[in-house]
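Colleague: Could you walk me through this model? I am new to it and would like to ask things as we go.

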Amino acid sequence: MDEIKEVSLEMREYIISSGAETLNWCMQCGLCTNLCPYRQVPGELSEVFNIRKMQRQGQLGLEGFDDEEVLFACVTCGMCQTNCPRSVEIIKNVRSMRNTIVGAGILPSHLRPVAGSLHANGNPWAGPREKRADWLEGLNVPEFTEGTEYLLYVCCTSCYDTRSQKIAKSVVKLLQQAGVSFGVLTAEESCCGETIRKIGDEELFAKLAESNIKLFNGKGVKKIITTSPHCLYSFKQDYPELGGEYEVMHYSELLSELLKEGKLSLPGEIAKKVTFHDPCYLGRHNLVYDAPRELLQAVPGAELVELDRTKNKSLCCSGGGGRIWAEVPFGERFGELRINDAVKQNADVIVTACPYCITMLDDACAGLEKNDVLKVMEMSEFLCESLEK
Amino acid sequence: MAHKSILVVGGGVSGLTAAIEASEAGSEVYLVEQKSYLGGRVAQMNQYFPKLCPPNCGLEINFKRIKQNPRIKFFTLSEIEKIDGVEGDYTVTVKSNPRYVNHNCTACGKCTEACPAERANEFNYGMGKTKAIYNAHEFAFPMKYVIDGSACLGAECGKCVAACEYGAIELDMSAKSFNLNVGAIVWATGWEPYDAKKVDYYGFGRHQNVITNVMMERLAASNGPTAGKILRPSDGKEVKTIAFVQCAGSRDENHLPYCSGVCCMASLKQATYVKSASPDAKVYMFYIDVRAMGKHEDFYTKVQDDINMIKGKVGEISEDPETKDLIVQVENQLTGEIMKETVDMVVLATGMAPSTSSALDTISYDEDGFIVSQPGIFGAGCAKKPLDVSSSVKDSTSAALKAIQSTVRR
């Protein structure tokens, strides 16, 4: 048993006032702890991270919830939250508990450069602001103006990371092929702020969001296409409360509509067994399950097989909630389970639709030395292969 | 001028009670039941809690009261199509579906022997099969065979007709509709077990040895698919370790937001089935809270000493692909330990959802689908809220009184 700790109702009230309005709804049944992806992996963190206990500590304002290792372990995958019998907004509670620490200026050391770069450069990847639009080189993409239908908002990861830039380029090609009226404002944009808000830095999130909202509203943006489900989440769920109201969709949603309307065709055959890893922020957080599957199945020759944990039960890659910057020992990474599952299903390609997932799955595939049997691809890349054949 | 007669919809224990009580007070009663027999879900139970007696004797007494009472007219295989009118003056359209078997049937069973077609045994919740012509169960009232039209091969086959010595089978029987004029309606359509497949992390429908509490009643019943032996579905092995998983969909905003109030007692009762069949069996009951209300506390305290009670809502249930054993994962809320227990079989304590299959415009329902009473139309039993049997009986008696008042108000 744990040692007895001091109950602090003041701390509880402080956590609740930071946004954890549903904290007291929790009845301590423990379903969350059992459905948590940490139960699927071994290791020290899996031993200590208990999301039910964290809610309890918050309810009682018990010291201990601020243990850095535990507090910043949650990947915000939403598995617990979607199944919670009491509809407790568990992720919001985690965010608020983190905020009580981060708001006081204390951030885990591995996240300090992330926040620093967001402050200085408007992106978490230490990329210079003037290089944000470098990914556009060689592509004929117009700037967004009043006459353009959609703003294409590209995730910071795909602006700066060379591997991830391919995603942005592929999405552009597909949109152009389907004749979509779109433009970009990449050079002037800042990070959507989704992840820093999950990390608990409300102030920094507000700064980023306000700058984007000012930009979007000034340019007359009404509809936004995102490359990342995390940006999709932020624009849809976080921005309206700050005055940013747009019609937002993930590129897969738009493409599947265009496919049905006959405006997008995927002519080239790819005779491969392909499986789809549902990104948490596309699936559980935004309820988009069918669009990516419809697109994959439209590719001639592609055979879609499902992973063991799929759709609303999809297993997180562990890239959310700021965990993309966490050092996790090999053998304890969720992504490894996804790669092993895809190999078990005899898939040739594991496709996903999120730049964070791509990073995590790429790492896992390389770490497990499965690159010779399994290819990790972002969906836009896979679809582009069909375009180019 | 108000009609003096009363319509009771649903022939389970609630409908039977309302019909009998009203008729014994002098009212003319029509009783309409969708299934081929009266008795409803109670007929599928092995034992009542807390007395652990079989429900058949109570049902038999009710059937005897119906048989002796000329004021009750009952229709099986029938459903309500339309209700017009107001309190005191309703015109109700009843559709009577074909049994394909007439009054000559003696339940000799020759037809079943001859029948080549099969159907899932719904009385046993899909465990095992019956022929397309079958006896619903051995205590069925009325004791007449019935043909499942969707399974029957039709007149081209006709083997049952040839086998029947009494001319009891009419394959060309068809559905008929007729009107009833009544002054009041008691709506007692009962409940359905919540669909356990919807609680997808428990694996019902994927893992063979995950069953539901209503199925457990059939496994324990001597007229059930295993003749009362508690054998698990995958290999017929006697169950030596078992986990009862409480609140499988109940008290859950994603499923049934309410507590059905009977499942804790049902699982404690079913634990006694396992323990009396094999005293050395290891029984787990995983719960959020045990709700054994009122005088049921005694039963709870008595049974809990014999079994392992673990406070904690079960998370995932996984299956060993070789043995088909089940691994139940749960966080023990008293110790904080994450347990992984391997068991032979899991019983999901699924809650009660109202039967709303025959939803009509004239009937009002609450946000969970339970009937809301209105002048002239009264809910009774589990169509109104989740109840145990004895509470349903009391509720239905009071509904009968309200219905009688509607017939004499003007």
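Colleague: How many residues of domain 2 of chain B are in contact with domain 3 of chain B?

Modeller: In this predicted model, 6 residues of domain 2 of chain B are in contact with 6 residues of domain 3 of chain B, where contact means that the C-beta atoms, placed from the backbone, lie within 7 Å. On the side of domain 2 of chain B that touches domain 3 of chain B, 2 residues are nonpolar, 3 polar and 1 charged; Ala, Val, Leu, Ile, Met, Phe, Trp, Tyr, Cys and Pro count as nonpolar, Asp, Glu, Lys and Arg as charged, and the others, Gly among them, as polar.

Colleague: And where do the domains of chain B run?

Modeller: Chain B is divided into domain 1 (6–97 + 175–190 + 355–408), domain 2 (110–150) and domain 3 (193–348), with bounds that come from an automatic or database domain assignment. The C-alpha centres of domain 2 and domain 3 of chain B lie 29 Å apart.

Colleague: How should I read the numbering and the confidence limits?

Modeller: Residues are numbered from 1 along each chain as its sequence is written, while chains are lettered from A and ligands numbered from 1 in the order in which they are written. As this is a predicted model, local features need pLDDT of at least 70 and side-chain atom pairs count only at pLDDT 80 or more, whereas totals for chains, interfaces and linings use all residues.

Colleague: Which residues of helix 8 of chain B are buried?

Modeller: Among them are B:Val389, B:Val393, B:Ala399 and B:Ala403, buried meaning that 20 or more other C-beta atoms, placed from the backbone, lie within 10 Å of a residue's own, with exposed at 12 or fewer and partly exposed in between. Seen down the axis of helix 8 of chain B, the buried residues fall within an arc of 165°, so they line one face of the helix; the arc is that of the directions from the helix axis to the C-beta atoms.

Colleague: What covers them?

Modeller: The cover includes strand 1 (6–9), helix 1 (13–24), strand 11 (184–187) and strand 24 (377–379) of chain B; helices (H or I, at least four residues) and strands (E, at least two) are DSSP runs, numbered from the N terminus.

Colleague: Switching topic, is B:Glu156 buried or exposed?

Modeller: B:Glu156 counts as exposed because it has 6 C-beta neighbours inside 10 Å, and it lies in the loop between strand 9 (146–147) and helix 4 (159–163) of chain B.

Colleague: How many residues does each chain bring to the contact between chain B and chain A?

Modeller: Chain B brings 16 residues and chain A 15 residues.

Note on methods. Contact = placed C-beta atoms within 7 Å.
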